[in-house]
Amino acid sequence: MGRRQFLSLGASLGLGMMLPMQAMAASGNYDAMLLACIDPRFPKLTIDHMSSRSMIGKYSQFNIAGAAIGAVAPKFSGWQQTFWENLGASIQLHNIPAVIAINHRDCGAAKIAYGDAAVATREAETATHRDALLAVRSETVKRYPNLRVELGLMDLKGQVETFFF
Ligand SMILES: [Zn+2]
(Lines give C-alpha, C1' and ligand atoms only; values in the text may rest on other atoms or scores of the structure.)
Protein backbone atom coordinates (compact mmCIF):
# COMPACT_ATOMS: atom_id res chain seq x y z
CA MET A 1 0.00 0.00 0.00
CA GLY A 2 1.34 3.41 -0.99
CA ARG A 3 1.77 6.18 1.54
CA ARG A 4 -1.06 8.14 0.04
CA GLN A 5 -3.43 5.19 0.28
CA PHE A 6 -2.35 4.59 3.87
CA LEU A 7 -2.97 8.19 4.81
CA SER A 8 -6.40 8.14 3.30
CA LEU A 9 -7.21 4.87 5.09
CA GLY A 10 -5.84 6.37 8.30
CA ALA A 11 -8.00 9.42 7.93
CA SER A 12 -11.11 7.35 7.31
CA LEU A 13 -10.44 5.26 10.43
CA GLY A 14 -9.65 8.26 12.56
CA LEU A 15 -6.04 7.12 12.87
CA GLY A 16 -4.85 10.63 12.29
CA MET A 17 -6.19 11.52 15.70
CA MET A 18 -4.75 8.43 17.33
CA LEU A 19 -1.19 8.69 16.04
CA PRO A 20 0.03 11.30 18.54
CA MET A 21 -1.14 9.00 21.35
CA GLN A 22 1.14 6.16 20.24
CA ALA A 23 3.98 7.69 22.21
CA MET A 24 2.04 6.94 25.39
CA ALA A 25 2.43 3.46 26.81
CA ALA A 26 0.09 1.05 28.59
CA SER A 27 2.31 1.40 31.60
CA GLY A 28 4.45 4.28 32.72
CA ASN A 29 4.08 7.45 34.70
CA TYR A 30 0.62 8.96 34.70
CA ASP A 31 -0.84 11.62 36.96
CA ALA A 32 -3.93 10.17 38.62
CA MET A 33 -6.86 7.80 38.63
CA LEU A 34 -10.18 9.55 38.22
CA LEU A 35 -13.12 8.04 40.12
CA ALA A 36 -16.44 9.11 38.59
CA CYS A 37 -20.13 8.11 38.41
CA ILE A 38 -21.80 6.24 35.54
CA ASP A 39 -24.44 8.97 35.06
CA PRO A 40 -24.83 9.64 31.29
CA ARG A 41 -24.94 13.41 31.81
CA PHE A 42 -21.40 13.61 33.13
CA PRO A 43 -18.82 12.01 30.81
CA LYS A 44 -18.75 15.12 28.59
CA LEU A 45 -18.63 17.52 31.55
CA THR A 46 -15.92 15.43 33.18
CA ILE A 47 -13.77 15.42 30.04
CA ASP A 48 -14.24 19.19 29.80
CA HIS A 49 -13.17 19.54 33.43
CA MET A 50 -10.08 17.36 32.99
CA SER A 51 -9.28 19.18 29.75
CA SER A 52 -9.41 22.53 31.56
CA ARG A 53 -6.74 21.07 33.86
CA SER A 54 -4.62 19.92 30.88
CA MET A 55 -4.95 16.30 32.02
CA ILE A 56 -6.27 14.61 28.89
CA GLY A 57 -4.32 11.40 28.29
CA LYS A 58 -2.67 11.61 31.70
CA TYR A 59 -5.10 9.74 33.95
CA SER A 60 -6.80 6.38 34.28
CA GLN A 61 -10.52 6.33 35.00
CA PHE A 62 -12.82 4.10 37.03
CA ASN A 63 -16.56 4.62 36.75
CA ILE A 64 -18.97 3.24 39.31
CA ALA A 65 -22.48 4.39 40.22
CA GLY A 66 -22.14 7.15 42.80
CA ALA A 67 -18.36 7.54 42.33
CA ALA A 68 -17.10 7.71 45.95
CA ILE A 69 -20.50 6.49 47.14
CA GLY A 70 -20.18 3.34 45.02
CA ALA A 71 -16.77 2.74 46.53
CA VAL A 72 -17.80 2.98 50.21
CA ALA A 73 -21.59 2.82 50.78
CA PRO A 74 -22.71 -0.35 52.64
CA LYS A 75 -25.55 -0.68 50.12
CA PHE A 76 -22.99 -1.32 47.38
CA SER A 77 -20.58 -3.45 49.39
CA GLY A 78 -20.51 -6.13 46.69
CA TRP A 79 -18.89 -3.74 44.22
CA GLN A 80 -16.09 -2.37 46.30
CA GLN A 81 -13.36 -4.97 46.07
CA THR A 82 -13.39 -4.36 42.32
CA PHE A 83 -12.66 -0.68 42.85
CA TRP A 84 -9.75 -1.33 45.21
CA GLU A 85 -8.27 -3.92 42.89
CA ASN A 86 -8.54 -1.57 39.92
CA LEU A 87 -6.88 1.18 41.93
CA GLY A 88 -4.11 -1.27 42.81
CA ALA A 89 -3.72 -2.19 39.13
CA SER A 90 -3.52 1.48 38.14
CA ILE A 91 -0.89 2.15 40.79
CA GLN A 92 1.11 -0.82 39.48
CA LEU A 93 0.69 0.01 35.80
CA HIS A 94 0.51 3.78 35.75
CA ASN A 95 2.53 4.71 38.82
CA ILE A 96 -0.13 7.25 39.78
CA PRO A 97 0.53 9.55 42.75
CA ALA A 98 -3.10 10.63 43.15
CA VAL A 99 -6.78 9.74 43.05
CA ILE A 100 -9.25 12.36 41.88
CA ALA A 101 -12.71 11.47 43.17
CA ILE A 102 -15.50 13.49 41.59
CA ASN A 103 -19.05 12.92 42.80
CA HIS A 104 -21.91 14.91 41.30
CA ARG A 105 -25.13 16.60 42.38
CA ASP A 106 -28.52 15.06 41.54
CA CYS A 107 -26.94 11.60 41.75
CA GLY A 108 -29.41 8.71 41.56
CA ALA A 109 -26.95 6.36 43.23
CA ALA A 110 -26.80 8.63 46.29
CA LYS A 111 -30.55 8.14 46.72
CA ILE A 112 -30.29 4.39 46.30
CA ALA A 113 -27.45 4.22 48.81
CA TYR A 114 -28.71 6.58 51.51
CA GLY A 115 -32.38 7.39 50.78
CA ASP A 116 -34.17 10.49 49.50
CA ALA A 117 -33.73 12.47 52.73
CA ALA A 118 -29.95 12.31 52.40
CA VAL A 119 -30.10 14.54 49.31
CA ALA A 120 -33.38 16.40 49.91
CA THR A 121 -31.72 19.80 50.40
CA ARG A 122 -28.56 21.24 48.92
CA GLU A 123 -26.95 21.20 52.37
CA ALA A 124 -27.90 17.58 53.03
CA GLU A 125 -26.69 16.61 49.57
CA THR A 126 -23.36 18.34 50.09
CA ALA A 127 -22.90 16.62 53.45
CA THR A 128 -23.81 13.20 52.02
CA HIS A 129 -21.23 13.51 49.24
CA ARG A 130 -18.61 15.02 51.50
CA ASP A 131 -18.93 12.10 53.92
CA ALA A 132 -18.59 9.51 51.16
CA LEU A 133 -15.64 11.36 49.63
CA LEU A 134 -13.94 11.56 53.02
CA ALA A 135 -14.53 7.84 53.53
CA VAL A 136 -12.90 7.09 50.18
CA ARG A 137 -9.94 9.21 51.10
CA SER A 138 -9.46 7.58 54.49
CA GLU A 139 -9.80 4.07 53.00
CA THR A 140 -7.36 4.97 50.25
CA VAL A 141 -4.66 6.34 52.53
CA LYS A 142 -5.06 3.31 54.80
CA ARG A 143 -4.09 1.14 51.84
CA TYR A 144 -1.70 3.56 50.11
CA PRO A 145 -0.38 6.15 52.59
CA ASN A 146 1.56 8.03 49.90
CA LEU A 147 -1.38 8.57 47.58
CA ARG A 148 -2.86 12.06 47.36
CA VAL A 149 -6.66 12.05 47.23
CA GLU A 150 -8.53 14.99 45.77
CA LEU A 151 -12.24 15.31 46.53
CA GLY A 152 -14.71 17.14 44.31
CA LEU A 153 -18.44 17.55 43.78
CA MET A 154 -19.58 18.50 40.28
CA ASP A 155 -22.80 20.41 39.61
CA LEU A 156 -25.04 19.93 36.58
CA LYS A 157 -23.10 22.54 34.63
CA GLY A 158 -19.76 20.86 35.26
CA GLN A 159 -18.48 23.24 37.93
CA VAL A 160 -16.47 21.34 40.54
CA GLU A 161 -16.51 22.30 44.18
CA THR A 162 -13.36 20.92 45.77
CA PHE A 163 -13.29 19.81 49.39
CA PHE A 164 -10.15 20.58 51.37
CA PHE A 165 -9.76 19.23 54.88
ZN1 LIG B 1 -24.35 9.61 39.90
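**Fold, cores and zinc site of the predicted model**

From the N terminus on, the elements of the protein follow the order α-α-β-α-β-α-α-β-α-α-β-β, giving seven helices and five strands; helices (H or I, at least four residues) and strands (E, at least two) are DSSP runs, numbered from the N terminus. The model is predicted: local features need pLDDT of at least 70 and side-chain atom pairs count only at pLDDT 80 or more, while totals for chains, interfaces and linings use all residues. Residues are numbered from 1 along each chain as its sequence is written, and side-chain values use heavy atoms, with hydrogens and water left out.

Of the 165 residues of the protein, 41% count as buried, where buried means under 20% relative accessible area, exposed over 50%, and partly exposed in between (1.4 Å probe, protein chains only). The accessible surface of the protein comes to about 9,400 Å², and 56% of this belongs to carbon and sulfur atoms; areas come from the Shrake-Rupley method with a 1.4 Å probe, and for residues only the protein chains shown count as cover. With contact defined as heavy atoms within 4.5 Å, 73% of the contacts between residues at least 6 apart in sequence join residues at least 24 apart.

The five strands form an open sheet of mixed pairing, in the order S2-S1-S3-S4-S5; two strands pair if DSSP finds at least two bridges between them. Strand S2 (59–63) and strand S5 (160–163) are the edge strands, each pairing on one side only. From one strand to the next, the twist averages 25°. S1 and S2 run parallel and are joined by five bridges, with Leu35 opposite Phe62 in S2. H3 lies across S1, S2, S3, S4 and S5 and runs at about 125° to S4. H7 also packs on the sheet, where it touches S1, S3, S4 and S5, and its direction makes about 160° with that of S4. For these angles, axes are lines fitted to C-alpha atoms, for helices over the stretch in contact, and values run from 0 to 180 degrees between N-to-C directions.

A nonpolar core is taken as a set of buried Ala, Val, Leu, Ile, Met, Phe, Trp, Tyr and Cys residues joined through side-chain atoms within 4.5 Å. The largest such core has 33 residues, and Leu35, Ile69, Phe83 and Leu87 have the most contacts inside it. At least two residues of this core come from each of S1, helix H4 (68–72), helix H5 (80–94), S3, H6, helix H7 (122–143) and strand S4 (148–154). H4 gives the most, with four residues. Beyond its neighbours within four places in sequence, Leu87 is in contact with Met33, Ile96, Val99, Thr140, Tyr144 and Leu147. Another core, of 12 residues, lies apart from the largest one and includes Ala32, Tyr59, Ala98 and Met154.

The zinc ion has as protein donors Cys37 (SG), His104 (NE2) and Cys107 (SG), at 2.0 to 2.3 Å. Donors are N, O and S atoms within 2.8 Å of the metal (3.2 Å for Na, K and Ca); water is not among the atoms, so sites may look incomplete. The donor residues are spaced C-x66-H-x2-C in sequence. Cys37 lies in the loop between strand S1 (32–36) and helix H3 (42–52), and Cys107 in the loop between strand S3 (98–104) and helix H6 (108–114), so the pair ties together parts that are 70 residues apart in sequence. Both Cys37 and Cys107 are buried.

His129, in helix H7, counts as buried at 0% relative accessibility. Not counting residues up to four places away in sequence, His129 touches Ile69, Asn103, His104, Cys107, Ala110 and Leu153. Of these, His104 and Cys107 are zinc donors.
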